[in-house]
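Let us take a guided walk through a protein model together. Have the sequence and the 3D view ready, and look up each residue as it comes along.

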Amino acid sequence: MPDPRARIDELRSAIRHNAHRYYVLDQPEVSDAEYDVMVRELEALEAAHPDLITPDSPTQRVGAPPSTLFGPITHRERLFSLDNAESEDDLIAWEQRIERVLGKRPDGFSCEPKIDGLAVSLTYEHGRLTRGATRGDGAVGEDITVNLRTVESIPLVLLGDDPPAVIEVRGEVYMPLDAFDELNESQLETGLSLFVNPRNAAAGAVRQKDPAVTSTRRLSIWAYQIGAMEGGPSFDSHSESLAWLRDRGLPVNPQSAMPIDLEGVVAYVRHSESARHDLPYQTDGVVVKVDHLAEQRELGFTARSPRWAIAYKFPPEEQTTTLVGIEINVGRTGAVTPYAVLDPVFVGGATVTNATLHNADEVARRDVRIGDTVVVRRAGDVIPEVVGPVPSLRTGTEVEWAMPDSCPFCGNPIVREDGQAVSRCTGGFTCPSRRREHLAYFAGRSGMDIEGLGFKTVDLLLTEGLVDDAAGLFMLKADDLLGFEGWGEISVGNLLESIDAARDRPLAKLLTALGIPLVGTTVARTLARRFRDLDVILAADEETLSAVDGVGPEIVRSVRDWAADPANRTLIEELRAAGVRMSDPEPEGVDSAALAGVTVVVTGTLDGFTREQARSAIEERGGKVTSSVSKKTTAVVAGESPGSKLQKAIDLGVPVLDSEGFRRLLEEGPSSPAVT
């Protein structure tokens with residue numbers, strides 16, 4: 001049996017090392033999930049062997065010592081860590097512990113997104129910001145006052161009359177996702193290394209020695225709690241105190257909610273997890289608190305955390321693993337994309353063995369090498385990607401990678417034209433990888449939407465020589481497939497029925513399916529709406545195409561080059577001969593300028609419209625459909641299960657339309673009472 005003392009010492013050393021890299025250096029070597037696993041193992045061992053607990057164990061204090069780069073600040077009240085919950089059963093067990101102390105269930109909860117940023121403390125004296133500090137070890141933090149004063153969302157003076165003599169406000173400084181993207185673009189342009197994630201970027205920004213640098217980083221803050229307070233008002237509940245902070249000018253997250261029972265908490269957690277990628281900032285969980293302050297006082301604290309609060313953590317979206325190789329894939333347009341071959345790692349709810357590396361420039365810019373320990377990210381349904389290496393773990397045996405000279409699938413040269421970020425295989429559709437990718441894309445949901453025709457079926461069709469190109473799909477007969485394993489009369493009939501239905505897809509679907517470089521769903525809809533005929537689009541000259549709003553010179557060049565390729569012209573004629581529709585009828589009774597200047601967001605399930613039908617109806621009338629809500633949005637059309645976009649519309653005062661209001665908008669235009 002392993003010696004528990006030795007394992008405890010090993011865990012304490014590892015936790016201290018990684019806490020220092022995370023909290024002080026802002027250079028983590030392991031993911032949050034891996035760090036949490038070590039902490040939980042140490043807690044379990046110490047619970048089983050209480051005689052081995054020492055005062056300097058990481059479980060007996062919060063966080064890590066402050067950096068010596070900044071002066072120390074002693075917090076008026078200690079900032080505690082939160083215990084974690086990773087399942088609904090954990091939340092139930094937490095409530096049961098509360099009930100044992102209170103003798104009853106708590107009278108309501110407060111829930112808010114757990115922001116992946118940097119915890120800070122703001123001290124206001126007589127309403128004026130006098131100091132700001134990092135969380136540090138919970139008792140002592142770093143003095144970053146001058147840097148926090150540059151964060152525009154932090155008020156330098158509280159609103160309202162008769163402020164408290166002293167109030168300490170806890171908050172989370174974060175970097176919005178769009179600001180993070182802008183920062184990394186700037187880093188790229190200046191040849192500097194990229195930030196791994198918004199949390200690291202925010203932490204690095206507030207700990208700059210030069211506050212002028214911090215001021216350029218576009219940070220923000222959510223205030224989430226009052227710490228110490230002298231001479232201020234008294235509150236009955238946490239939610240009441242948040243409302244007071246909001247009235248005094250401090251940002252309080254509008255996604256916060258006050259469920260009355262644990263069932264409401266669970267519903268909030270489920271919704272927050274499903275909608276986490278709709279938010280303009282990074283979240284990694286939900287913080288749940290007992291709302292009534294009297295109950296909080298009765299529950300009190302353990303040595304390291306309040307009994308009245310818990311952090312529900314979403315499944316981790318970042319993990320570290322070993323990059324064992326870099327290989328390439330040839331896509332539907334001939335673009336050659338490198339991808340990472342990884343030691344299997346469980347991240348974002350799935351086991352990941354491959355992850356995208358985007359292109360050769362990205363591999364070089366991120367300095368990713370074969371043999372590196374790398375950070376892998378998988379967010380929702382997004383393709384897993386390698387965020388970057390962990391340079392501090394390099395041994396010197398890592399190998400740099402270069403794009404091969406020839407395609408491993410067809411042997412033709414791989415070339416990269418001047419000014420292009422992407423290398424391409426020159427084998428055309430003789431390349432089996434490109435042909436496979438093109439067929440799967442052609443049949444995919446954004447293309448011709450042929451149900452049942454995924455990669456597995458495409459592989460069967462190509463391996464057995466049943467099709468050579470997309471037009472061949474429409475020539476398939478039942479006898480071609482019957483007899484293959486898994487293909488009976490019903491499955492074959494369903495596939496052929498779906499293929500037949502695809503002959504009559506709208507022009508925009510065909511345009512997308514053809515895989516013309518730079519012509520995705522949005523550009524395809526724009527071209528189809530303007531010209532309504534594929535032959536007209538392919539025959540249009542540069543001047544005609546350039547006159548279309550949203551079609552820039554690179555898209556024009558791509559369409560013209562594609563149309564000039566004899567192989568593509570042959571494919572069009574074969575599709576035409578197979579009965580595939582090449583044009584859209586003119587819409588009857590529709591004013592193409594009725595919604596000119598109108599921007600609409602569609603969310604949820606609408607009565608009487610699919611999402612695609614709603615988009616088409618808006619665009620046919622000259623309107624614009626976007627995916628995010630802003631002050632410039634004319635209206636949000638909300639059906640059932642609308643998600644967080646509905647709340648954002650309400651917060652911004654953007655008109656919200658139901659299905660009937662949407663119909664009135666289509667009929668009456670922007671002057672409709674439904675909007676005004």
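## A walk through the model

L518 sits in the loop that joins α16 and α17. Keep in mind as you look that this is a predicted model. The phi angle of L518 is near 75°, a positive value in a residue other than glycine. Why is that worth a second look? Most residues other than glycine have a negative phi. D449 is another such case, with a phi near 55°. You will find D449 in the loop between α12 and α13, and with a relative accessible area of 33% it is partly exposed.

Now turn to the inside of the protein. In soluble globular proteins, nonpolar side chains tend to be buried together. The largest nonpolar core here has 53 residues, and F474 and L575 touch the most other members. The elements that give two or more residues to this core include α12, α13, α15 (489-502), α20 (553-564) and α21 (566-577). Which residues does L575 contact, if we leave aside its neighbours within four places in sequence? They are F442, A470, A471, F474, L510, L514, V580 and M582. Apart from this core lies another one of 34 residues, with L118, L129, V206 and I221 among them.

**The sheet**

Next, find the open sheet of four strands, which run in the order β2-β10-β9-β3 with mixed pairing. The strands at the edges, β2 (83-85) and β3 (109-115), each pair on one side only. On average, neighbouring strands of this sheet are turned by 30° against each other, direction ignored. Strands of a sheet pair through backbone hydrogen bonds, either parallel or antiparallel. For β3 and β9 (residues 283-290) the sense is antiparallel, over seven bridges. To see one spot where they face each other, look for E112, which stands opposite V287 in β9.

**The salt bridges**

Side chains of opposite charge can pair when their charged atoms come close. How many salt bridges are there? The count comes to 36. Here are some of them, with the N to O distance of each pair.

| Salt bridge | N to O distance |
|---|---|
| R7 and E10 | 3.1 Å |
| R436 and D459 | 2.6 Å |
| R615 and E619 | 3.4 Å |

Let us take these pairs in turn. R7 and E10 are both in helix α1 (residues 4-24), three residues apart, which is about one turn of the helix. Both ends are partly exposed: R7 has a relative accessible area of 28%, and E10 has 48%.

R436 lies in helix α12 (residues 432-443) and D459 in helix α13 (residues 455-463), so the pair ties together parts that are 23 residues apart in sequence. R436 is partly exposed at 27% relative accessible area, and D459 is partly exposed at 28%.

R615 and E619 are four residues apart in helix α22 (residues 611-620), so about one helical turn separates them. Is E619 buried or exposed? At 10% relative accessibility, E619 counts as buried, because buried means under 20%.

Finally, salt bridges can be joined up: E362, R365, R366 and E385 are linked in a network of them.

Terms used: Residues are numbered from 1 along each chain as its sequence is written. This is a predicted model: local features need pLDDT of at least 70, side-chain atom pairs count only at pLDDT 80 or more; totals for chains, interfaces and linings use all residues. Side-chain values use heavy atoms; hydrogens and water are left out. Two strands pair if DSSP finds at least two bridges between them. Axes are lines fitted to C-alpha atoms, for helices over the stretch in contact, and angles run from 0 to 180 degrees between N-to-C directions. A salt bridge is a side-chain nitrogen of Lys or Arg within 4 Å of a carboxyl oxygen of Asp or Glu. Buried means under 20% relative accessible area, exposed over 50%, partly exposed in between (1.4 Å probe, protein chains only). A nonpolar core is a set of buried Ala, Val, Leu, Ile, Met, Phe, Trp, Tyr and Cys residues joined through side-chain atoms within 4.5 Å. Contact means heavy atoms within 4.5 Å.
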